[in-house]
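User: I am new to this structure and would like to learn how to read it. Please take me through the features one at a time.

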Amino acid sequence: MRSAKSHEARYKWYKSAINDAYDTYGMKLAHISADMNEANKVDTEWIIHLANKLENETDERYDYGEIKIAASDKLGLWNIAKAMLANEQLRDAINILAEYYKYMGKQRCK
């Protein structure tokens with residue numbers, strides 16, 4: 001479990017990247033990946049934290065609450081779907097399920 005301080009530092013980095021994309025290129029992000037690439041464990045607390053921060057941000061270039069959350073950037077294991085079944089806050093936080101290497105996850109998706 002990560003600390004709230006760690007989540008805040010991570011959010012500060014995400015927000016800076018969102019702001020830089022807008023300030024430099026005029027890009028309004030439509031969606032963002034909330035999890036670390038190919039990490040062994042889904043960081044559900046961070047995903048929920050990020051969704052809440054984006055939804056409630058007041059110092060923003062545009063409505064960050066409109067940014068969709070994609071999770072979990074894993075190797076076809078679909079652990080994110082299992083976690084979502086058990087956690088209503090997580091289900092509310094995630095808009096897009098993202099897994100890859102279809103050949104590895106085919107049976108698990110059923």
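**Reading the model**

Analyst: Helices (H or I, at least four residues) and strands (E, at least two) are DSSP runs, numbered from the N terminus. This is a predicted model, in which local features need pLDDT of at least 70 and side-chain atom pairs count only at pLDDT 80 or more, while totals for chains, interfaces and linings use all residues. Residues are numbered from 1 along each chain as its sequence is written, and side-chain values use heavy atoms, with hydrogens and water left out.

User: Is His49 buried or exposed?

Analyst: Buried means under 20% relative accessible area, exposed over 50%, and partly exposed in between (1.4 Å probe, protein chains only). His49 has a relative accessible area of 17%, so the residue is buried.

User: With which residues is His49 in contact, leaving aside its neighbours within four places in sequence?

Analyst: Contact means heavy atoms within 4.5 Å. With those neighbours left out, His49 is in contact with His7, Glu8 and Tyr11.

User: How many helices and strands are in the protein chain?

Analyst: The protein chain has five helices and three strands. Along the sequence their pattern is α-β-α-β-α-α-β-α.

User: What does helix α2 look like in numbers?

Analyst: The expected span of a helix is 1.5 Å times one less than its number of residues. Helix α2 covers residues 44–56, which is 13 residues, and its first and last C-alpha atoms are 18 Å apart, close to the 18 Å expected. Its buried residues are Trp46, Ile47, Ile48, His49, Leu50, Ala51 and Leu54.

User: How is confidence read, and where is it lowest in the protein chain?

Analyst: pLDDT is the predictor's confidence in each residue, from 0 to 100. The protein chain has a mean pLDDT of 87, with 85% of its residues at 70 or more. Confidence is lowest in helix α5 (residues 102–109), where the mean is 55, and highest in helix α4 (residues 88–93), at 97.

User: What is a nonpolar core, and how many residues has the largest nonpolar core here?

Analyst: In soluble globular proteins, nonpolar side chains tend to be buried together. A nonpolar core is a set of buried Ala, Val, Leu, Ile, Met, Phe, Trp, Tyr and Cys residues joined through side-chain atoms within 4.5 Å. The largest one has 22 residues, and Ile32, Ile47, Leu50, Leu54, Ile69 and Ile80 have the most contacts inside it. The elements that give two or more residues to this core are α1, α2, β2 (68–74), α3 (79–86) and α4. Helix α2 supplies the largest share, six residues.

User: Which residues is Leu54 in contact with, leaving aside neighbours within four places in sequence?

Analyst: Leu54 is found in helix α2 and counts as buried because its relative accessibility is 2%. Beyond those neighbours, Leu54 is in contact with Tyr11, Ile18, Ile32, Glu60, Tyr64, Gly65, Ile67 and Ile69. The C-alpha atoms of Leu54 and Tyr64, ten residues apart along the chain, are separated by 5.1 Å.

User: And which residues does Ile47 contact, with neighbours within four places left aside?

Analyst: Ile47 is in contact with Ala34, Asp35, Val42, Ile69, Ala71, Ile80, Leu90, Ala93 and Ile94. Of these, Val42 lies in the loop between β1 (31–33) and α2. Val42 is buried because its relative accessible area is 10%.

User: How many aromatic pairs does the structure hold?

Analyst: Rings of Phe, Tyr and Trp (its six-membered ring) pair if their centres lie within 6.5 Å; planes under 30 degrees apart count as stacked, over 60 as edge-to-face and the rest as tilted. The structure holds four aromatic pairs. One of them joins Trp13 and Tyr14: the ring centres are 5.5 Å apart and the planes are at 75 degrees, so this pair is edge-to-face. Trp13 is exposed, at 59% relative accessibility, whereas Tyr14 is buried, at 10%.

User: Why is the pair of Tyr14 and Trp46 tilted?

Analyst: The ring centres of Tyr14 and Trp46 are 5.3 Å apart and the planes are at 55 degrees, so the pair is tilted. This pair links distant parts of the chain, with Tyr14 in helix α1 and Trp46 in helix α2, 32 residues apart. Trp46 counts as buried, at 0% relative accessibility. Ring pairs link Trp13, Tyr14 and Trp46 into a cluster.
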